[in-house]
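Trainee: I have a structure to study and would like to go through it by question and answer. Where do we begin?

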Amino acid sequence: MNWLAHVFLSEPSVEFRLGNLLADIVKGSAREGMNEDFLRGIRRHQAIDSFTDSHPVVRRSRARVESVQRRFSGIVVDVFYDYLLATSWDRYSSEPLASFTAAFYADIETARVVLPQEAQATVERMIRRDMLGSYTQVEAVRHALRRVSMRLAARWERPFELEVSVVDLQNHHDAFAADFAEFFPQLQAYVGQLGSDASRRGA
């Protein structure tokens with residue numbers, strides 16, 4: 001799952017939500033000094049990713065991605081699923097997407113959580129461009145995959161063009177939507193169980 005889903009599947013604490021959002025950016029020694037809510041958010045992110053990556057419906061979606069190497073299809077599907085969450089938002093939340101994202105952005109600015117430089121720049125760019133709300137548009141999917149491609153290119157020192165996979169989303173839109181509609185309630189139930197287990201341990 002990508003950014004929007006990680007924020008949505010969080011506890012309401014802004015620190016928890018930021019940890020869930022930024023787990024792939026705040027790593028190693030950069031996590032030292034972050035508060036416990038932020039670290040719990042990271043653990044939630046890891047649990048969501050583990051559940052998602054091993055799920056048969058997600059594997060089915062990955063098999064529909066034909067335009068990029070299969071090893072990167074998981075990244076592509078993560079972004080596709082944020083688009084599908086955004087475009088079917090009313091099915092999963094009684095709060096409008098615009099209100100949800102605006103409240104989250106406002107909480108970030110009010111809380112003034114101290115973040116590592118790269119994470120801070122990412123959050124500022126996310127708010128400035130309303131990246132979470134923009135997932136209702138296919139063009140936002142293209143831009144998100146282009147940003148991932150740039151990061152991969154810098155790491156691997158070769159070009160990436162994951163954004164070309166938007167054609168797969170367009171060609172198989174209904175199939176991806178059906179996959180997501182089957183998968184996401186199962187992910188929600190899994191996350192709900194994580195919260196119940198944590199409550200029992202704290203009791």
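Mentor: The questions below go through helices, their contacts and some salt bridges of this predicted model.

Trainee: What distance separates the end C-alpha atoms of helix α8?

Mentor: Helix α8 covers residues 138-156, which is 19 residues. At 1.5 Å a residue, these should span 27 Å. The model agrees with that expectation, because the end C-alpha atoms are apart by 27 Å.

Trainee: Which helices are included in what covers the buried residues of α8?

Mentor: The buried residues of α8 are A140, V141, A144, L145, V148, S149 and L152. Buried here means under 20% relative accessible area. What covers them includes α5 (73-87) and α9 (166-171).

Trainee: Which residue follows α8, and is its phi positive or negative?

Mentor: Helix α8 takes in residues 138-156. The residue that follows α8 is E157. Its phi is near 60 degrees, which is positive.

Trainee: Are α4 and α5 roughly parallel or roughly perpendicular?

Mentor: The axes of α4 and α5 come within 9 Å. They cross at roughly 105 degrees. Angles of 65 to 115 degrees count as roughly perpendicular, and that makes α4, relative to α5, roughly perpendicular.

Trainee: How many residues in the contact of α4 with α5 are charged?

Mentor: From α4, the residues V57, V58, S61 and R62 take part, and they meet S73, G74, V77 and Y81 in α5. By class, the residues of this contact divide into 4 nonpolar and 3 polar, and the number charged is 1.

Trainee: Is Q69 buried or partly exposed?

Mentor: Q69 sits in the loop between α4 (56-64) and α5. Its relative accessibility is 44%.

Trainee: How far apart in space are Q69 and L162?

Mentor: In sequence, Q69 and L162 are 93 residues apart. Taken in space, C-alpha to C-alpha, the distance between Q69 and L162 is 9.0 Å.

Trainee: Are α2 and α7 roughly parallel or roughly perpendicular to each other?

Mentor: Helix α2 covers residues 14-22 and helix α7 covers residues 117-129. Their axes come within 12 Å and cross at roughly 100 degrees. The range of 65 to 115 degrees counts as roughly perpendicular, and α2 and α7 are therefore roughly perpendicular.

Trainee: How many residues in the contact of α2 with α7 are nonpolar?

Mentor: In α2, the residues L18, L21 and L22 meet A119, T122, V123 and M126 of α7. This contact has no charged residues and 1 polar residue. Its nonpolar residues number 6.

Trainee: Is H6 buried or exposed?

Mentor: H6 is part of helix α1 (residues 3-8). Leaving out residues up to four places away in sequence, H6 touches M1, N20, L21, H45, I48 and D49. The relative accessible area of H6 is 1%. The limit for burial is under 20%, so H6 is buried.

Trainee: What separates R40 and D37 along helix α3?

Mentor: R40 forms a salt bridge with D37, and their closest N and O atoms are 2.9 Å apart. R40 has a relative accessible area of 25%, and D37 has 24%, so R40 is partly exposed and D37 is partly exposed. Both lie in helix α3 (residues 36-53), 3 residues apart, so the separation is about one helical turn.

Trainee: How far apart in sequence are the parts that R60 and E182 tie together?

Mentor: The side chains of R60 and E182 meet in a salt bridge, at 2.7 Å from N to O. R60 belongs to helix α4 and E182 to helix α10 (residues 173-202), so the parts tied together by this pair are apart in sequence by 122 residues.

Trainee: Which residues do salt bridges that share partners join into one network?

Mentor: The structure holds 9 salt bridges. One of them is that of E139 with R142, at 3.1 Å between the closest N and O atoms; the two are 3 residues apart in helix α8. As for the network, the salt bridges that share partners join E11, D37, R40 and R44.

Key. Residues are numbered from 1 along each chain as its sequence is written. This is a predicted model: local features need pLDDT of at least 70, side-chain atom pairs count only at pLDDT 80 or more; totals for chains, interfaces and linings use all residues. Side-chain values use heavy atoms; hydrogens and water are left out. Helices (H or I, at least four residues) and strands (E, at least two) are DSSP runs, numbered from the N terminus. The expected span of a helix is 1.5 Å times one less than its number of residues. Buried means under 20% relative accessible area, exposed over 50%, partly exposed in between (1.4 Å probe, protein chains only). Contact means heavy atoms within 4.5 Å. Axes are lines fitted to C-alpha atoms, for helices over the stretch in contact, and angles run from 0 to 180 degrees between N-to-C directions. Angles under 35 degrees count as roughly parallel, over 145 as roughly antiparallel, 65 to 115 as roughly perpendicular and the rest as oblique. Ala, Val, Leu, Ile, Met, Phe, Trp, Tyr, Cys and Pro count as nonpolar, Asp, Glu, Lys and Arg as charged, and the others, Gly among them, as polar. A salt bridge is a side-chain nitrogen of Lys or Arg within 4 Å of a carboxyl oxygen of Asp or Glu.
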